[in-house]
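Open the model in your viewer and keep the selection tool at hand. We will go stop by stop.

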Amino acid sequence: MNASEAQTRMLEIQRIMERATLFTLLPGVPAIVGGLMVLAGCGVSYAMLRSLDFGDLLYVSAAQQVWFCVMWLAIGAAGVVLEVAYTGWAAARQHLQPDNRAIRVAAFSLTPCVAVAVVLTAKFLLPINAQVWQMFWTWNFNVPLMPKAEEIQYIVPIWMMLYGTGVYTAGLFSIRPPRVLGLTFLAAGILALLCFPQYGVVAAALSFGLLHLVFGLYIVHKQRQMVI
Amino acid sequence: MNDPIKPEDFDAVIHERVRLSIVAALAVSPQLSFAELKSMLGLTDGNLSAHARTLDEAGYIVIEKTFRGRKPYTEMRLTAKGRRAFERYLATLRQIVDRGA
């Protein structure tokens, strides 16, 4: 075997290991913590809204609306920070580069979906239209923004579907568990959107809460069985 | 001067391309099911079975056969012996590349 053949073989090995690596980098612990945070968030939301419908956000006080948004923003941010930190730590433990191809594939698969979900959330919470740009143009902020309850109801199913799509795509280059998680989110999101949009608190608790918890426990269990 | 690397310096069990792929995948995964390995490496049932058996006989992997419901379920994982063989193989490849550079 000459140097060029050896180099080719090493590249082949590297590609296979990168595909399989996604499994060991799967964020089991952050999924458990994130799931618990979402369950707690759903509990607080229910106490705040006194309803299982996120659309009822329109009928609580302005201060509560702000707290509600800040809480969910904090949960989302904490989830992202946890996941990034864990992936970096897991990669370092395996002597992998933090910009490993497998990690980049996962990040590039998830980011566009999450970005679309963020834009749609902003659009539904603050009905952004020509009037809003007019406010900035004229510097007159006394124009009331009128969000609609039925649009706010769409936020959870949309997050479920887009997050599911991102996770499924990231898992395409790896093994089955993330693909199953992604498809489950997608199917649950479709069901929630078409049949139960008024039960957003339940949908969020079952998907981002319970599903993440089960997935995280499964991954942690599998990773503990690893032969070192 | 460095000794030349001879064909017998390569571990014949994992020098074969498919077996090397199986070992490489298992080196970074806790364990993989038969179906996962098959889809990850693009192999047929027969091909994967035959090569996995060779690796099992060499003591490089462990094949665990169970049932999930009524369906048979096969999982494979790398043994410490298999991991050492894989690391030796990678070191030999690195040596060849370094000498050729």
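**Stop 1: chain A as a whole**

Select chain A and show its surface. The accessible surface comes to about 12,500 Å², and 71% of that belongs to carbon and sulfur atoms. Such areas come from the Shrake-Rupley method with a 1.4 Å probe, and for residues only the protein chains shown count as cover.

Before going on, some ground rules. This is a predicted model, where local features need pLDDT of at least 70 and side-chain atom pairs count only at pLDDT 80 or more, while totals for chains, interfaces and linings use all residues. Residues are numbered from 1 along each chain as its sequence is written, chains are lettered from A and ligands numbered from 1 in the order in which they are written, and side-chain values use heavy atoms, leaving out hydrogens and water.

Now switch to cartoon. Chain A has 9 helices and 0 strands. Helices (H or I, at least four residues) and strands (E, at least two) are DSSP runs, numbered from the N terminus. Of the 228 residues of chain A, 43% count as buried. Buried means under 20% relative accessible area, exposed over 50%, and partly exposed in between (1.4 Å probe, protein chains only).

**Stop 2: aromatic rings**

Over all chains, the structure holds 8 aromatic pairs. Rings of Phe, Tyr and Trp (its six-membered ring) pair if their centres lie within 6.5 Å; planes under 30 degrees apart count as stacked, over 60 as edge-to-face and the rest as tilted.

Select F54(A) and W72(A). Why is this pair edge-to-face? The ring centres are 6.2 Å apart and the planes stand at 85 degrees, so the pair is edge-to-face. F54(A) sits in the loop between helix 2 (28-49) and helix 3 (62-93) of chain A, and W72(A) in helix 3, 18 residues apart. F54(A) is buried at 7% relative accessibility, whereas W72(A) is partly exposed at 22%.

Next, select F185(A) and F208(A). Their centres are 4.9 Å apart and their planes at 55 degrees, so this pair is tilted. F185(A) lies in helix 8 (residues 176-194) and F208(A) in helix 9 (residues 200-224) of chain A. Both are buried.

**Stop 3: a threonine in chain B**

Select T79(B). This residue is in the loop between strand 3 (71-78) and helix 5 (80-100) of chain B. Is T79(B) buried or exposed? T79(B) counts as buried, at 15% relative accessibility.
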